[in-house]
Amino acid sequence: MKSPGAAGADEIRIKVKAIPRANKNQISGLMEDGSLKVHLKAPPVDGKANQALVKLLADCFKVSQSAVSIISGLNGRKKIVKISGLSTKEYHKIIDQITG
């Protein structure tokens, strides 16, 4: 997979590793393969963890929840997520702020 921004100037696709049943919802950092490591309080039942992931990413990247969609990995921990209305530059700036 190409780096974030491969989908277009105003839309990115990112790899995410979701970790459900965590103590809090947070982006924990970047993994070696470039995936975002995301902890979610919700259990992986009835789509609750996926809903929590969409909400968290929308809040972190300052886009609406409808701009965030899970393209693949609905039933697994490894996902590909599309975020519309976000440039590669904005993505990297926010990730740098979150991960320090």
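The largest nonpolar core of this predicted model has 28 residues, and Leu36, Phe61, Val81 and Ile83 have the most contacts inside it. A nonpolar core here is a set of buried Ala, Val, Leu, Ile, Met, Phe, Trp, Tyr and Cys residues joined through side-chain atoms within 4.5 Å, where buried means under 20% relative accessible area (1.4 Å probe, protein chains only). At least two residues each come from strand 1, strand 3, helix 1 (48-61), strand 4 (68-72), strand 5 and helix 2 (88-99), with helix 1 giving the largest share, 9 residues. Helices (H or I, at least four residues) and strands (E, at least two) are DSSP runs numbered from the N terminus.

A friendly place to look next is the strand pairing. Strand 1 (residues 11-19) pairs with strand 5 in the antiparallel sense over 7 bridges, pairing being called when DSSP finds at least two bridges. Lysine 17 faces lysine 78 of strand 5. Strand 1 also runs parallel to strand 3 (residues 36-39), joined by 4 bridges, and isoleucine 19 stands opposite histidine 39.

Lysine 79 lies in strand 5 (residues 78-84).

Residues are numbered from 1 along each chain as its sequence is written. Local features need pLDDT of at least 70, side-chain atom pairs count only at pLDDT 80 or more, totals for chains, interfaces and linings use all residues, and side-chain values use heavy atoms, leaving out hydrogens and water.

Methods. Buried means under 20% relative accessible area, exposed over 50%, partly exposed in between (1.4 Å probe, protein chains only).
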